[in-house]
Amino acid sequence: MVLRLVTASLAARRTRIALAFTAVALGVAVATALATLALQVGDDLARTLRAAGPNFVVLPAGARLPLDLGGAQVVPPRAGLALSDTSVAGLKRAFWKNNVLEAAPELAAPATVGGARTRLVGTWFDRAVGTDDGPWRTGLPPLHPPWQVRGRWPREGAAELALGRDLAARLSLEPGRAVEVAAGGNRARFLVAGVVTAGGFDDRLAWAPLAAVQALTARPGQVDRIWLSALVIPEPRKAPPEPKQDPRC
C-alpha cells in the first residue's frame, strides 16, 4: 500500500522531480568545471612563465655563480668543486620529479676560439636521460625557448659548436666553417653548426657538447652546475595577523 502511494506520488510529480535532478546535475557539473579550471589555470600560467628560461640552478656545496659586472664576467674560484654529470637523472628521482620540465648541465672554461678569448660552455643539446618513468629528452634548446639559432644546434658526440652572435661577428664566422678551439691546455678543431642570438653576455659565449668540453679540460664526468626549469607551486596565502588590541580598551 505504501509502495503504491509513493509510486503514485512520484508519477504525479515527475516533472518537478526531473527538474530537481537536472538542477542538481548542473550544479555539480558547474562546481567540477570551476574547480578544474582553478587548478589548470595555475599550471598553465606556470608553464607559460617557464618559457622564459630556467628558474633554478643546482650548484655544488660552497660554489658560487659567475657575476656579470657591466659586461665583464667575474668567475669566483672553483676550488675543485664539481657535480657529477649523472646528477641530472637524480632530478627525476626526487619527490618533485613531475615538476621538473627541462634541465641541462653546464661545464664552463676559459677558451680561445679562432684566436679570440671567450668562455666555452659544455652542455647537452638533445639528450635522452634514463628515468624510472622511461627516457626523458632534455637539453639547452628546450631550456631556453626564446633563443634563436641560425643554422642548427650541435649534435651530441660531434666536434661541433655554436657561437654567440657577438662572438661570431667578431670572428666573421658562419655556420659550416671550421675553427680551432683551445681550452685546458688542449686544442681541437670544431665545426660551427650555428650562431645563437641569446641576448646579453650569452652572445659572447660558445657552446659545445659536454663530452667534448670535458675532454678538452680534462674533467671527465664533471659539471659546474645544472640549470633547470621547474613548475613552482605557490604557498597558500595566509590571513594577515589581527592587530593587537590595546589592553586599556
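Helices, of at least four residues, and strands, of at least two, are taken as DSSP runs numbered from the N terminus. On this basis, the protein chain of the predicted model contains six helices and 15 strands. Of its 249 residues, 34% are buried. Contacts between residues at least 6 apart in sequence were also examined, and 71% of them join residues at least 24 apart. The chain exposes about 15,500 Å², of which carbon and sulfur atoms supply 60%.

In soluble globular proteins, nonpolar side chains tend to be buried together. In the present model, the largest nonpolar core comprises 35 residues, and the members that touch the most other members are Val 113, Leu 120, Leu 161, Leu 163 and Val 181. Strand E5, spanning residues 100-113, gives the most to this core, contributing five residues.

The surroundings of Val 113 were examined with residues up to four places away in sequence left out. The residues that Val 113 then touches are Thr 118, Leu 161, Leu 163, Leu 171, Val 179, Glu 180, Val 181 and Ala 206.

Strand E13 covers residues 206-209 and includes Trp 207. The relative accessibility of Trp 207 is 3%, and this residue therefore counts as buried, the cut-off being under 20% relative accessible area. Trp 207 and Ala 162 lie 45 residues apart along the chain, yet their C-alpha atoms are separated by 5.1 Å.

Helix H6 is formed by residues 210-217, and its buried residues are Leu 210, Val 213, Gln 214, Leu 216 and Thr 217. Viewed down the axis of H6, these buried residues fall within an arc of 165°, so they line one face of the helix. Ala 211 and Ala 215, on the other side of H6, are exposed. The cover over the buried residues of H6 includes strands E5 and E13, together with E6 (116-123), E11 (178-183), E12 (186-197) and E14 (222-223). Just after H6, Ala 218 adopts a positive phi of about 55°.

Definitions and conventions:
Residues are numbered from 1 along each chain as its sequence is written. This is a predicted model: local features need pLDDT of at least 70, side-chain atom pairs count only at pLDDT 80 or more; totals for chains, interfaces and linings use all residues. Side-chain values use heavy atoms; hydrogens and water are left out. Buried means under 20% relative accessible area, exposed over 50%, partly exposed in between (1.4 Å probe, protein chains only). Contact means heavy atoms within 4.5 Å. Accessible areas come from the Shrake-Rupley method with a 1.4 Å probe; for residues, only the protein chains shown count as cover. A nonpolar core is a set of buried Ala, Val, Leu, Ile, Met, Phe, Trp, Tyr and Cys residues joined through side-chain atoms within 4.5 Å. The arc is that of the directions from the helix axis to the C-beta atoms.
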